[in-house]
Amino acid sequence: MKCRKCGRPAVFNMRQHKLALCQVHYPEWFVAQTARAIEKYHMFTPDDRVLVAVSGGKDSLALWDVLLQLGYRADGLYIDLGIDDGVGYSAASRAKVEQFAAARANAHFTIVDIKAEYGETLPEAARRTRRGRGKPCSVCGLIKRHAMNRITRDGGYDVLATGHNLDDEAAVLFGNVLHWQTGYIARQAPVLPASGEGLARKVKPFCRFYERETAAYALITGIDYIYDECPYAVGATSIRHKGILNQMEEEAPGTKMQFYLGLLRARKEGLFRELAEEVELHPCANCGQLTSAPGLCTFCRLWREAPAP
Ligand code: Q46
Ligand code: ZN
Ligand code: ZN
C-alpha cells in the first residue's frame with residue numbers, strides 16, 4: 001500500500017477515511033487534524049494557557065506533544081495516585097511523563113502527589129472509605145476532578161485539555177444510552193463549559209481520533225508511553241463496551257465515528273437543550289471549590305471519613 005500524498009510505502013491505513021499515509025505524512029495529517037478540531041469546536045486560542053492532564057499513556061502524551069508542536073502554551077499536570085499493587089503502575093507512568101518533559105525544552109509540568117498532600121494513596125483511601133470499597137475508580141474520579149480544577153484555577157490556566165479519543169467517547173456514550181442516562185448524554189461534548197467560578201473549562205481535542213490513530217502517532221513519532229492499563233481498569237464496564245463497539249467497527253468501518261458524530265449533530269440541533277440540568281453550586285467550606293454537596297465538597301469529606309467497619 002502506498003502513501004496517498006507521496007507514493008512511498010504507507011505505514012498506516014485508515015479504512016474509515018480510505019486513507020493510507022507514510023511515516024512523514026501520517027504525523028503531519030494527525031497534527032493538522034488536531035488543529036482543525038481545536039478551531040472547529042472553538043476550544044482555545046494561541047493566547048490561552050492550556051493545562052494538559054497527562055497520565056503517561058499514549059493519548060495524553062501525544063496530545064501534549066501535538067499542542068507544543070502547534071505552538072500552544074501547554075503545560076502538563078500529572079496526578080500521582082500512588083497505585084502500586086505489585087506492578088508499580090504510578091511510579092512507572094510518572095517516569096514516562098518526566099522523561100517526556102525532560103526531552104523537550106518547553107514542556108513544563110506540575111505533579112500533584114496525593115499521598116504527600118493528603119496522607120494516603122488512592123488505594124489506601126479507597127480501602128478506608130465506603131465509596132471506594134470494592135472499586136477505587138469512583139474515588140479516583142473524585143480525586144482527579146478535584147486536582148484538575150484546583151491546578152487549573154491556582155495556575156491561572158484558561159482551559160484543561162484531556163486526551164480522550166473517539167473510542168473513549170463512543171464507549172461512554174454507549175454506556176449512557178444503555179442506561180438512558182439522559183443528563184449525562186446531554187453533557188457529553190468536545191467542550192464542557194466551566195460550570196462555575198474556579199472550575200475548569202474542559203476540552204477534548206482528540207475526540208475525533210480513533211484509539212489506533214493516537215497509538216500510531218505515538219509509535220511513529222517515538223513517544224515512549226506506558227503500555228499497561230491501570231490495574232483497576234481490568235473488568236471495567238467501559239472496556240467491555242469498547243470490545244462490543246470494536247466488533248461492530250470491524251464489520252462496518254466508521255460505526256464509532258457515526259455514533260459519536262450523531263450525538264454532536266443532535267446537540268447542535270438543540271435536541272438536549274431541555275435535558276441539561278442546572279445544578280446549584282456553592283463554595284466548599286474547606287477548600288473553596290464549588291460543589292453541589294452541602295457544607296464540605298465530596299473530596300474534602302473523603303479525607304475526613306472514618307474507616308468503614
Ligand atoms: S479511574 Fe480506575 Fe482509571 Fe483511576 S483507578 Fe485506574 S482505572 S486510573 S481512568
Ligand atoms: Zn507520504
Ligand atoms: Zn472541598
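Okay, let's start at the ligand: helix H6 (residues 137-154) supplies the largest share of the shell around ligand 1, three residues. Before I go on, this is a predicted model, so local features need pLDDT of at least 70, side-chain atom pairs count only at pLDDT 80 or more, and totals for chains, interfaces and linings use all residues. Residues are numbered from 1 along each chain as its sequence is written, chains are lettered from A and ligands numbered from 1 in the order written, and side-chain values use heavy atoms, with hydrogens and water left out. Helices, by the way, are DSSP runs (H or I, at least four residues), numbered from the N terminus.

So who sits around ligand 1? That's Leu122, Cys137, Cys140, Lys144, Cys230, Tyr232 and Ala233, where being near takes a heavy atom within 4 Å. By class you get six nonpolar, no polar and one charged. Here Ala, Val, Leu, Ile, Met, Phe, Trp, Tyr, Cys and Pro count as nonpolar, Asp, Glu, Lys and Arg as charged, and the others, Gly among them, as polar.

Next, the second largest pocket, with about 310 Å³ of space. A pocket here is an open set of points on a 1 Å grid over the protein atoms alone, where a 1.4 Å probe fits, with protein on both sides within 12 Å along at least five of seven lines; lining residues have an atom within 4 Å of a point. The volume is the space filled by probe spheres set on the points. Helix H11 (residues 255-268) gives the most to this lining, five residues. The lining includes Lys40, Tyr41, His42, Arg208 and Arg265, and its classes are six nonpolar, one polar and five charged.

H11 also packs against helix H10 (residues 237-251), at about 115° with the axes 8 Å apart. Axes are lines fitted to C-alpha atoms over the stretch in contact, and angles run from 0 to 180 degrees between N-to-C directions. That makes H10 and H11 roughly perpendicular, a label covering 65 to 115 degrees. Leu245, Asn246, Met248 and Glu249 of H10 meet Thr255, Lys256 and Phe259 of H11, with contact meaning heavy atoms within 4.5 Å.

Last pair: H1 (residues 25-40) and H2 (residues 58-69) have axes that come within 10 Å and cross at roughly 80°. Their contact has five nonpolar, two polar and no charged residues.

Methods:
Helices (H or I, at least four residues) and strands (E, at least two) are DSSP runs, numbered from the N terminus. Angles under 35 degrees count as roughly parallel, over 145 as roughly antiparallel, 65 to 115 as roughly perpendicular and the rest as oblique.
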